[in-house]
Amino acid sequence: MMPGDITPFIISIVLGVLFGTQLSGKISKGTTILVIIFSIVGALLFGAFMFTYSIYGGYIMPGLGFATPLIGATIGILIGKALKGE
Amino acid sequence: MDPSELRGKRGVIAVIALLIIGVGLMSSLERLAGNVSPGISRIYNILAYLVAPNNIATWVYDWRGFDTLIETAVIYVGAVVSALAIGRGVVQMKHYSEEAPVTSPPLEYRTESLTVILKLFGLPAAILLLSYGIMVVTASSTSGGGGFQCGVIMTSAYLLAAIFYGKENPIRFGKRFLIGIGAVGLGGYTLLGLPGFLTSGYWQYNVGADIWNLVSPTLHSIFGDPFRLTLYLQEGVFYSTPGIIPLINIAEAFNVIGAIGLIYFAFLYGWSEQPEDQEKGGK
Amino acid sequence: MSAYPSNLWSIPLLVVIPILVAVVVNLIYNRARLIKVISLASAICLALITLFSSYGYHWFTGQPALRPETLTFTFDPGLPAWRLALEFYFGPLQQAMIFIMSLILIFVVAVATSGLTKRQGPYMGMIFLLYASAAIIIMVNDFYHLWIAVEIGSLVVAGVVVGSGTSVSHKAALKYTFFSALSGAGLAIALALILGLTGYPNISDAIMYIQSVNLGEMSIILYVAFGFFVLSWIYAGGLAPIHPLKSEVYGASFPHGTAMLQTQSKLMLVAIGIVMLRVFGNLPFVREVMLAISVITMMLGVVMALIQTDFRWILAYLIVSHSGLVTVGISLGTTEGLVGGIFQAINDVIYMTVLLLCCEALYYFGGKTSTRHSLGLAKKAPWLGVAIILGTMAASGIPPFNGFQSEIILIQASLKAGLPEVAAVILMVSVTTFIALFRAIYRLFLKPPETSEPIVEAKVPMVLHVGLWVLVAITLIIGIYPNIVVSFITPVAEAVSLPWYL
């Protein structure tokens with residue numbers, strides 16, 4: 001594992017929190033679940049980033065992987081929204 | 001410009017000028033076809049593996065990184081000037097004013113006509129777009145992606161939400177947020193040149209990648225190690241790092257979000273000098 | 001080892017400080033006091049940096065150059081080698097031009113921050129970016145970067161103009177942006193063609209390549225590139241036939257803004273002109289084309305200035321006309337021509353700033369700049385009357401002021417090149433400048449007022465007085481000791497110059 005595998009994930013969470021705090025209004029439970037499901041599907045579609053070769057970077061086997069920053073960003077946004085409240 | 005101005009003599013002159021330009025350009029492009037001199041790009045390509053795996057990121061943010069700073073400033077200036085034309089920061093002489101400044105009213109929204117399904121999916125789509133934008137900026141050095149794209153994607157999320165929800169935009173980028181993030185972006189990009197300047201004397205030297213061994217190992221690893229990757233290439237295995245390129249891209253993204261967001265904001269909601277909480281009508 | 005470093009400290013600061021100031025003042029927006037302090041301090045800082053800096057190069061991003069014969073990398077700018085980095089150069093000419101610009105920036109900033117209403121953040125930011133764009137264009141030795149700087153420069157011009165928020169300024173800015181997009185695009189195409197032909201964005205490297213290979217029929221590409229370069233030169237400097245657009249820009253912004261705009265525009269003309277001479281100067285007909293454009297600009301400018309009935313607009317057209325004076329020298333391309341042209345640019349920005357500051361002072365006496373009314377201001381503000389007359393004398397090339405020194409060099413240069421017609425036009429321009437300006441001065445200052453209604457006056461800020469008299473003193477000093485400036489220009493003029501071959 002190289003540090004470069006994980007750093008994008010951490011950055012994505014931080015940025016997600018930052019932009020999550022800029023959301024207003026209420027986010028329903030349905031929306032939350034929908035967003036999480038779609039970001040997992042999206043992450044699988046995009047696959048792991050090039051030159052990442054560890055499970056931490058989202059790499060499972062050749063041709064299969066998930067984009068951790070996409071999931072990280074979604075989680076970050078939801079955390080940011082929760083921190084800010086309505 | 002009034003199209004009728006192009007009739008008569010002026011039009012004829014314009015057409016002749018365009019024809020001359022067109023013929024000249026086409027003939028020189030034809031001569032260049034197949035004869036383009038590689039020049040400096042050959043050397044750039046030889047050195048590519050030493051920095052980011054994404055060669056274009058290296059070109060744009062390392063070899064020609066300072067050009068990109070000024071291009072980023074072009075976007076920033078574009079936004080500031082657009083907002084200025086709408087009314088943000090119009091100045092007058094204290095003791096004399098010719099006429100009242102020109103202002104433009106906000107757009108009118110009619111969001112009632114949108115279907116329920118669109119409104120239901122609007123928010124999740126906007127949030128997913130935001131996540132996608134963040135993913136794209138983290139992929140700047142490894143694959144196609146970067147600050148410009150991230151900024152454009154995230155502001156399109158903002159525009160999408162504005163179309164669906166009008167004034168009740170759930171992505172509430174306020175004016176202070178937009179201007180602040182734009183300033184952090186352009187200012188941050190500019191200041192990322194400082195570590196290289198202070199240590200090696202060269203502005204915006206990539207201290208993280210440090211391919212010419214000009215800075216101390218400590219600084220090299222502070223900026224370089226977090227992004228280090230193993231590159232399995234045809235030529236062999238390399239442990240290279242893009243250094244400050246990912247950081248520059250984040251700054252770049254902030255700047256683009258601030259700039260394009262400000263343009264959208266000013267054109268959609270108009271510009272007034274009241275503080276934001278008063279504008280929201282006591283919300 | 002070369003005597004010059006490749007990492008001169010001052011070059012990045014001259015570009016980065018204005019950008020950072022622009023960001024900060026835009027952020028603090030309406031805190032007028034803080035904006036004043038920050039912008040004045042940094043303008044003074046910039047002037048000091050230019051004054052005390054040594055000469056040398058800066059290779060941005062710290063990439064070395066590749067020596068073709070040994071295939072080794074070097075950080076020594078003195079050796080012939082292909083530059084990987086973006087190169088800026090700071091030499092005597094750059095020092096003189098940027099120092100004068102910094103001086104004008106200080107007074108413009110001081111006058112603007114004391115005379116404008118509160119929310120001046122974005123506007124001041126634009127003024128600083130104007131400085132940055134001109135500084136880049138003066139120092140850069142790279143086609144690609146030149147293009148970006150011209151592009152940002154034309155956008156910033158629109159920003160400065162639109163800052164006053166009047167409908168006239170909106171119209172002028174919109175028109176100018178529309179057409180100056182062509183300038184940027186033209187330069188981009190020229191850049192693409194040269195890059196395709198040589199493969200080097202660095203101007204010196206591209207010239208080295210062009211001179212080392214036999215281009216054969218590929219040289220037509222150079223001509224097309226020259227065509228686009230001229231297009232962008234015309235648009236950036238407001239030369240004929242787009243002079244009405246540029247003069248609208250000058251007339252529609254605040255006089256202090258115009259002072260900065262014309263400084264940027266004239267120094268840009270010099271810098272781009274020198275690049276054109278270096279790259280295309282040897283091609284037949286190139287300098288004739290440049291000369292023709294310059295002469296037409298001069299004549300059209302003064303004629304238009306004669307028929308204006310507003311002091312602001314008279315100045316606007318005179319500035320355009322005098323841009324032609326600058327480019328005449330550069331188009332000649334001989335050593336005297338270049339010295340005259342560049343010297344004229346430096347003198348021009350100084351005495352035009354004097355006149356523009358006088359115009360700004362008129363705003364404190366009710367703001368009437370139209371020459372249809374007579375105001376009889378000489379009684380109320382004799383000092384202003386004296387300053388404006390001294391400025392006019394400098395602008396019309398009357399000794400002992402600086403305008404005389406550069407115009408005489410230009411006239412000699414054109415006579416030496418065997419072009420007495422051009423010399424005659426230069427003489428005509430200086431005489432007509434005097435007539436146009438003096439007509440306005442007579443109406444505004446000397447002729448007794450027609451109506452008895454009192455003029456609303458306000459106290460003219462101290463900084464305006466100071467700026468005015470410091471600049472008048474400079475015109476006089478340069479007029480008496482022209483070598484102070486000429487010695488900075490001569491080395492470059494000798495290095496770039498080509499004989500005129502008629």
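Where in chain A is Phe51(A), and between which elements does the loop that holds it run? Select Phe51(A): the loop runs between α2 (29-46) and β1 (59-61) of chain A. Helices (H or I, at least four residues) and strands (E, at least two) are DSSP runs, numbered from the N terminus.

Before going on, note that this is a predicted model, in which local features need pLDDT of at least 70 and side-chain atom pairs count only at pLDDT 80 or more, while totals for chains, interfaces and linings use all residues. Residues are numbered from 1 along each chain as its sequence is written, chains are lettered from A and ligands numbered from 1 in the order in which they are written, and side-chain values use heavy atoms, with hydrogens and water left out.

Stay on Phe51(A). Its phi is near 65°, a positive value in a residue other than glycine. Most residues other than glycine have a negative phi. Phe51(A) has 14% relative accessibility and counts as buried (under 20% relative accessible area; exposed is over 50%, partly exposed in between; 1.4 Å probe, protein chains only).

Of the two pairs of chains in contact, chains B and C share the most contacts.

Now select the interface of chains B and C. Chain C contributes 83 residues and chain B 69 residues. About 6600 Å² is buried between them, 71% of it from carbon and sulfur atoms; buried area is the accessible area (1.4 Å probe) that two parts lose on being put together, summed over both. Val23(C), Thr61(C) and Leu84(C) supply 9% of the area that chain C buries against chain B, more than any other three residues.

Pick Thr61(C) from that trio. Thr61(C) sits in the loop between β1 (56-60) and β2 (65-67) of chain C. Its phi is also positive, near 65°, and at 1% relative accessibility Thr61(C) counts as buried.

For charged pairs, show Arg64(B) and Asp142(C), whose side chains form a salt bridge (2.7 Å, N to O).

Finish on two prolines of chain C. Ala240(C) and Pro241(C) are joined by a cis peptide bond with omega about 10°, and Pro241(C) is in the loop between α8 (219-237) and α9 (243-252). Pro399(C) and Pro400(C) are also joined by a cis bond, with omega about 5°; Pro400(C) lies between α15 (382-395) and α16 (402-416).

Notes. Contact means heavy atoms within 4.5 Å. A salt bridge is a side-chain nitrogen of Lys or Arg within 4 Å of a carboxyl oxygen of Asp or Glu.
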